[in-house]
Amino acid sequence: MRSRWLLALIATAVAIVAVGVYGLATAPGAVMTSPSPRPGPSGETTGKAPLTLTFEPTSDPTSEPTPTAGPELTTARYFAAWQSGDLSAMNGLVADPPADFAERHRRFDAELRVSSLSLNPGELRRQGEETAEVPFQGVREVPGLGGWTFSSVLRLGLRAGAWKVLWTPETLHPSLKDGGSLRLRETQVRRPTTLTREGLPFPRDSRAGDYLTGLGGTVVLLSLEEASSGRVLLTSPPPPSAGTGTRTTISRSVQAAAARALDGLGQPAAIVAVDVETRQVRAVADTLGAKQAFNGLYPPGSTFKVVTAAALLRTGLTPESPVACPATYTIPNARSFTDADGADHGTVTLTTAFALSCNTTFVQHAYERLRDDRLRAEAADRFGFREKPGLSSCRIRPSADLNELGSDAIGQNSAQASPLCMAEVAAAVASGVWKPAIMTAEPPADSPPPVPLDDGVAAGLRTMMSAVVTQGTAAQAGLPPDTAGKTGTAEVGGAKSHAWFIGYRGPLAFAVFVQNGGAGGTVAAPIAARFLKAL
């Protein structure tokens, strides 16, 4: 019977606070007052203050509740004052309140960003003639977290003839017992709008930011924790699935491998990887800047010998054809060309000359077999070295004389390409078809049509590119098995040579370029090895 009276009394008190009624039928002497505006969580006032329930005895306005009234009236008054934010009234109902009673409540709400509080008292339990307690549940609203439910106990005692609240910090929350504290932790979670093909965020420091926007978006997750134990009491809802962003053709694992392969490199560089079958770009890690991995034009050096070799195979040479690889070769009535190692290798197969990157061999046979614009036509018509729509850039001019023809044959003079263009060359060898690289599900409407390579030409190039890795200039680079490729060291007037390595392995074709890096076999090929081993 007593508990039902208490609940009815509290409900009536709270209802009066909510609707602004100024009388309380069930508690004689109760009146409503309008306190000062209530401070918000950050200390500022929240506007018009809510009406607060207070109780005034009908006989003596200075007297406290009498013992005969029981603890129910004090309980009702305390809960009503707490829920309405009347800290002064609460303080007056507490036995020996700490000097910072009100400040503790304000700081608790401010630090944990509590915006509102609702309380639901349970049944009052007497524990003797002079003590009682009321278990209760509360819900605090915390923006970003929602409703934070807690349970505690309001303890009361008879002091100097009046029932008072025996307040301790755990009355606010049980976690505050014995000096405990709570904290609100903010954690930034990546929530980009552009995602990999798997629907995942790009790896950190992906080095692809020039090519794609929306890689760095984040959301803030909140959690309420016990400071000492780290126990999480409440967390904000997880962000929407990462798969709701825009997906690209980039593979997260391939991009991460490409980006990490460039870590610690002192020179500007780029790695581009494409899918052999679809030509979708799977990775672009670029420290050159300004999208130079796609648009930059650099002399490709000996990586261009893939194109020159294709043209020679088309004239009737085979990978086993015997060719000379002297230290120096002079085009009749024109200039001389030398090999990087300065050695005379005598007569070798075309495959060995390719693997050793014999400049003299390719200059001689370009002079003998690829005059009359045949080299330029091979590059432009079958490997994309021309003006065209698409992502990559590469070009070559008709040779003005034999000197230019010899230089073009070894990737100097007018032969220029971006790393993406040379990745397309490698992919053409791997698949037997040249196609432009894309970053969409399907090729754009204006995309250049595929160009099949002759079966014999493609097979011969694969044999020759495999020999580069097994017995040629990339044999010491640590490349994994089944890798095929071509090194390149492109001379640059007045500066250190550019280092290149292009190739393919499994479903990927790729190009590694290091601006002014030096020799392709000792600089670019080891970077390619790091990239492939990380996949």
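Gly92 sits in helix 3, residues 87-92. Helices here are DSSP runs of H or I with at least four residues, strands are runs of E with at least two, and both are numbered from the N terminus. Gly92 is partly exposed, at 36% relative accessible area. On that scale, buried means under 20%, exposed over 50%, and partly exposed in between, with a 1.4 Å probe and protein chains only.

A word on the source. This is a predicted model: local features need pLDDT of at least 70, side-chain atom pairs count only at pLDDT 80 or more, and totals for chains, interfaces and linings use all residues. Residues are numbered from 1 along each chain as its sequence is written, and side-chain values use heavy atoms, with hydrogens and water left out.

Now the overall counts. The chain has 15 helices and 25 strands. Of its 535 residues, 50% are buried. Take contacts, meaning heavy atoms within 4.5 Å. Among those between residues at least 6 apart in sequence, 63% join residues at least 24 apart. The accessible surface is about 22900 Å², and carbon and sulfur atoms hold 51% of that. Areas come from the Shrake-Rupley method with a 1.4 Å probe; for residues, only the protein chains shown count as cover.

A pair of aromatic rings is described by the distance of the centres and the angle of the planes. The rule takes rings of Phe, Tyr and Trp, the last by its six-membered ring, with centres within 6.5 Å; planes under 30 degrees apart are stacked, over 60 edge-to-face, the rest tilted. That gives 13 aromatic pairs. One of them is Tyr78 with Trp82, edge-to-face, at 6.0 Å centre to centre and 65 degrees between the planes. Both residues belong to helix 2, residues 71-84, and are 4 residues apart, about one turn of the helix. Buried or exposed, Tyr78? Buried, at 0% relative accessible area. Trp82 is buried too, at 6%. Ring pairs also build a cluster of Tyr78, Phe79, Trp82, Phe136 and Phe150.

Next pair: Phe510 and Phe531. Their planes stand at 70 degrees with the centres 5.9 Å apart, so this is edge-to-face. Phe510 is in strand 25, residues 508-514, and Phe531 is in helix 15, residues 520-533, so the pair ties together parts 21 residues apart in sequence. Both Phe510 and Phe531 are buried.

Two strands pair if DSSP finds at least two bridges between them. Five strands form an open sheet, order 14-13-25-24-23, paired antiparallel. At the edges are strand 14 (281-286) and strand 23 (484-492); each has a single partner strand, so one side of each lacks a neighbour in the sheet. Twist averages 10 degrees from one strand to the next. Axes are lines fitted to C-alpha atoms, for helices over the stretch in contact, and angles run from 0 to 180 degrees between N-to-C directions. Strand 13, residues 269-275, pairs antiparallel with strand 25 over 7 bridges. Which residue of strand 25 is the bridge partner of Ala273? Phe510.

Strand 8 and strand 10, residues 218-226, run antiparallel and share 9 bridges. Arg183 has Glu225 of strand 10 as its bridge partner.

Helix 8, residues 305-314, is mostly covered, with 9 of its 10 residues buried. After helix 8 comes Gly316, with a positive phi near 120 degrees.

Most residues other than glycine have a negative phi, and most peptide bonds are trans. Arg113 has a positive phi, near 60 degrees. Arg113 lies in the loop between helix 4 (101-111) and strand 3 (116-121), and is partly exposed at 37%. Asp178 has a positive phi of about 55 degrees. Where is Asp178 found? In the loop between helix 5 (169-172) and strand 8. At 73% relative accessibility, Asp178 is exposed.
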